[in-house]
Amino acid sequence: MITIGGKNYETKCISMGLDSHDMHFSAGKGARRRNPKTKIDLGVLHWTAGEGTAQTVFRVLSQRELGVEFTIDRAGKIWQHADPVLIDTFDAGPVNPRSWGVEVVSCGYVPAGKITDRTIRKGKINGEAYNVADFFPPQLDALAELCTVVCNALEMPTTAPKDEHGQAFTRTLSERELAAHQGLIGHYHITHRKVDPGPFVWNELAARGVKL
């Protein structure tokens, strides 16, 4: 069960809600109070660039004075760290005020020679090729469920930025494109400095029923 705007929502996958742990981001600690006049219309997808636990993710973000509303661990369990209606966490730079975010535990970009238990595929972001580690199927199931539940609760779309052929953009958006888009985006859509969550997540979400 997760909490959006003080209301509880059931999820099909295992969820660790705010009352089940003490890993909370609050105003002044990687977050600030959400402006109630600001419409939340973006969901930002990240990978952690590491294979640690949800506890590790929370600790590292806290040390960096950052935050995120949700984490999905290696097993596909959802951990909620803040109510996105009430708390604005610091995970997405200029779009923080209008977005909620989720970190999926994964090594993400894999340098040549690095050993991982994930399937590796070659993908391109902003025209540059990367070795990208796939999310595990339970993580993708949880991500699809989380995006659907949160977006429905916030009355926002689940659409991704797409080209004229209906394919999700694998490049950073212009300021105008970013300002106009409502729905789901990757961290790389916000800044050239990021690659997460890789180019393959969009087809995986669509295959799980997310209306992109």
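**Exercise 1. How much space lies in the largest pocket? Work out what its lining is made of as well.**

*Solution.* Keep in mind that you're looking at a predicted model.

Step 1: start with the volume. The largest pocket holds about 580 Å³ of space.

Step 2: find its middle. Its lining counts 27 residues, and Arg64, Leu66, Glu103, His187 and Lys194 come closest to the centre.

Step 3: see which elements take part. Strand β5 (42-47) and helix α1 (54-63) are the elements that give two or more residues to this lining. Of these, α1 gives the most, with four residues.

Step 4: sort the lining by class. You get 11 nonpolar, nine polar and seven charged residues.

**Exercise 2. Find the residues that line the second largest pocket, and sort them by class.**

*Solution.* Step 1: the volume here is about 160 Å³.

Step 1: One stretch of names runs Ala160, Lys162, Gly166, Gln167, Ala168 and Thr170, and the others are Pro199, Trp202, Asn203, Ala206 and Leu212.

Step 2: sort them. Six are nonpolar, four are polar and one is charged.

**Exercise 3. How many cavities of 30 Å³ or more are there? Describe what you find.**

*Solution.* Step 1: the idea behind the search is simple. Rolling a probe the size of a water molecule over the atoms shows where empty space is left.

Step 1: count. There is one cavity of 30 Å³ or more, and the largest cavity has a volume of about 80 Å³.

Step 2: Strand β11 (128-133) and helix α4 (201-207) are the elements giving two or more residues to it.

Step 3: sort by class. Eight lining residues are nonpolar, one is polar and three are charged.

**Exercise 4. Arg74 forms salt bridges with Glu51 and Asp117. Trace both, then look at the rest of the structure's salt bridges.**

*Solution.* Step 1: take Glu51. The closest N and O atoms of Arg74 and Glu51 are 2.8 Å apart. Arg74 is in the loop between β6 (70-72) and β7 (78-80) and Glu51 in the loop between β5 and α1, so parts 23 residues apart in sequence are tied together.

Step 1: check the accessibility of this pair. Arg74 is partly exposed at 32%, and Glu51 is partly exposed at 29%.

Step 2: take Asp117. Its side chain meets that of Arg74 at 2.7 Å, N to O. Asp117 is in the loop between β9 (99-104) and β10 (120-125), so this bridge spans 43 residues in sequence.

Step 3: widen the view. The whole structure has 12 salt bridges.

**Exercise 5. In what order do the six strands of the open sheet lie? And which residues have the most contacts inside the largest nonpolar core?**

*Solution.* Step 1: read the order across the sheet, which is β3-β7-β6-β9-β5-β12, with mixed pairing.

Step 1: look at the edges. β3 (15-16) and β12 (183-186) each have a single partner strand, so one side of each has no neighbour in the sheet.

Step 2: zoom in on one pair. β5 and β9 run parallel and share six bridges, and Val44 stands opposite Gly101 in β9.

Step 3: turn to the core. It has 37 residues, and Phe70, Trp100, Leu143, Leu146, Trp202 and Leu205 have the most contacts inside it. Elements supplying at least two core residues include β5, β6, β9 and α4. Helix α2 gives the largest share, 10 residues.

Technical notes. Residues are numbered from 1 along each chain as its sequence is written. This is a predicted model: local features need pLDDT of at least 70, side-chain atom pairs count only at pLDDT 80 or more; totals for chains, interfaces and linings use all residues. Side-chain values use heavy atoms; hydrogens and water are left out. On a 1 Å grid over the protein atoms alone, a cavity is a set of points where a 1.4 Å probe fits but cannot get out, and a pocket is an open set with protein on both sides within 12 Å along at least five of seven lines; lining residues have an atom within 4 Å of a point. Grid points are joined across faces, edges and corners, and a volume is the space filled by probe spheres set on the points. Ala, Val, Leu, Ile, Met, Phe, Trp, Tyr, Cys and Pro count as nonpolar, Asp, Glu, Lys and Arg as charged, and the others, Gly among them, as polar. A salt bridge is a side-chain nitrogen of Lys or Arg within 4 Å of a carboxyl oxygen of Asp or Glu. Buried means under 20% relative accessible area, exposed over 50%, partly exposed in between (1.4 Å probe, protein chains only). Two strands pair if DSSP finds at least two bridges between them. A nonpolar core is a set of buried Ala, Val, Leu, Ile, Met, Phe, Trp, Tyr and Cys residues joined through side-chain atoms within 4.5 Å.
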